[in-house]
Amino acid sequence: MLYDKEFLLKLDKSKNKTIYARITALQFNESPIEYIEGRVTGGSINIDGASAIRRTCSLTMVAQDFDYNDYYWGLNTKFKLEVGLENLVDSTYPDIIWFNQGIYLITSFNTSRSTNNF
C-alpha cells in the first residue's frame, strides 16, 4: 500500500511510538507458511554491503495470540521481516503501518510462554 508523504512524516515525528514486528516463515520458493506478530521489546537490524552476510537481525517481541508450530520454525530457515508502527496520527489509514525489511535466515530461535503472552 502506498502512503501519503505528509502522513508518513507525521507518523515518523510522533512522540509516542509503539513498534511491532511480523515474522513470516517462508518455504524454499519464498511463499508464506505462517507468521508471528507482536510488540517489539528489543533488537536491531544491521545491513553491511561488504559482508558475505549482508543483513542480520536480532529481535525480541511479545505476541499475544499465537500458537506456533516447531516444524515450520525449526526446519524452514528463511523468514520475511516486517516492522510496523502503530498509527495514532490518521484514522483513515490502518492501525499498524508495515515496512518490509527483507528476507533473512534463522540461525537461532527461542521461545518462552507466560500466563498471558508468548
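Guide: Two rings of Phe, Tyr or Trp (for Trp, the six-membered ring) form a pair if their centres lie within 6.5 Å; planes under 30 degrees apart are stacked, over 60 edge-to-face, and the rest tilted. By this rule there are 4 aromatic pairs. One of them is Tyr3 with Tyr93, an edge-to-face pair with 5.6 Å between the centres and 65° between the planes. Tyr3 belongs to the segment before α1 (5-13) and Tyr93 to the loop between β4 and β5, so this pair ties together parts that are 90 residues apart in sequence. Tyr93 counts as buried because its relative accessible area is 17% (buried is under 20%, exposed over 50%, partly exposed in between, with a 1.4 Å probe and protein chains only).

Tyr93 also pairs with Phe7, and here the rings are stacked, 4.0 Å centre to centre with 20° between the planes. This second pair again links distant parts of the chain, since Phe7 is in helix α1 and Tyr93 in the loop between β4 and β5, 86 residues apart. Phe7 is buried too, at 4% relative accessibility. Together, the ring pairs join Tyr3, Phe7 and Tyr93 into a cluster.

A note on the source: this is a predicted model, in which local features need pLDDT of at least 70 and side-chain atom pairs count only at pLDDT 80 or more, while totals for chains, interfaces and linings use all residues. Residues are numbered from 1 along each chain as its sequence is written, and side-chain values use heavy atoms, with hydrogens and water left out.

The protein chain has 2 helices and 5 strands, in the order α-β-β-β-α-β-β from the N terminus (DSSP runs, H or I of at least four residues for helices and E of at least two for strands). Of the 118 residues in the chain, 28% are buried. Among contacts with a separation of 6 or more, 58% join residues 24 or more positions apart (a contact is heavy atoms within 4.5 Å).

Next, the nonpolar cores (buried Ala, Val, Leu, Ile, Met, Phe, Trp, Tyr and Cys joined through side-chain atoms within 4.5 Å). The largest one has 9 residues: Ala21, Ile23, Ile36, Met61, Ala63, Phe79, Leu81, Tyr104 and Ile106. Strands β1 (19-26) and β4 (78-86) are the elements that give two or more residues to this core. A second, separate core has 6 residues, and among them are Tyr3, Leu11, Leu85 and Tyr93. The C-alpha atoms of Ile106 and Cys57 are 9.5 Å apart, although the two are 49 residues apart in sequence.

Strand β4 also holds Val83, which is partly exposed at 23% relative accessible area. Leaving aside residues up to four places away in sequence, Val83 touches Ile19, Tyr20, Ile45, Ile97, Trp98, Phe99 and Gln101.

Charged side chains come into the picture as well. The structure holds 4 salt bridges (a Lys or Arg side-chain nitrogen within 4 Å of an Asp or Glu carboxyl oxygen). Arg22 bridges to Glu82, with 3.4 Å between the closest N and O atoms. Arg22 is in strand β1 and Glu82 in strand β4, so this bridge ties together parts 60 residues apart in sequence. Glu82 counts as buried, at 12% relative accessibility. Lys78 forms a bridge to Glu30 at 3.1 Å, N to O. That pair also links distant parts of the chain: Lys78 is in strand β4, and Glu30 is in the loop between β1 and β2 (32-47), 48 residues away. Shared partners join the salt bridges of Arg22, Glu37 and Glu82 into one network.

Two of these charged residues bring us back to rings (a charge sits over a ring if Lys NZ or Arg CZ is within 6 Å of the ring centre and within 35 degrees of the ring normal). The charged end of Arg22 sits over the ring of Trp98, 4.1 Å from its centre. Lys78 lies over the face of Phe28, 5.4 Å from the ring centre.
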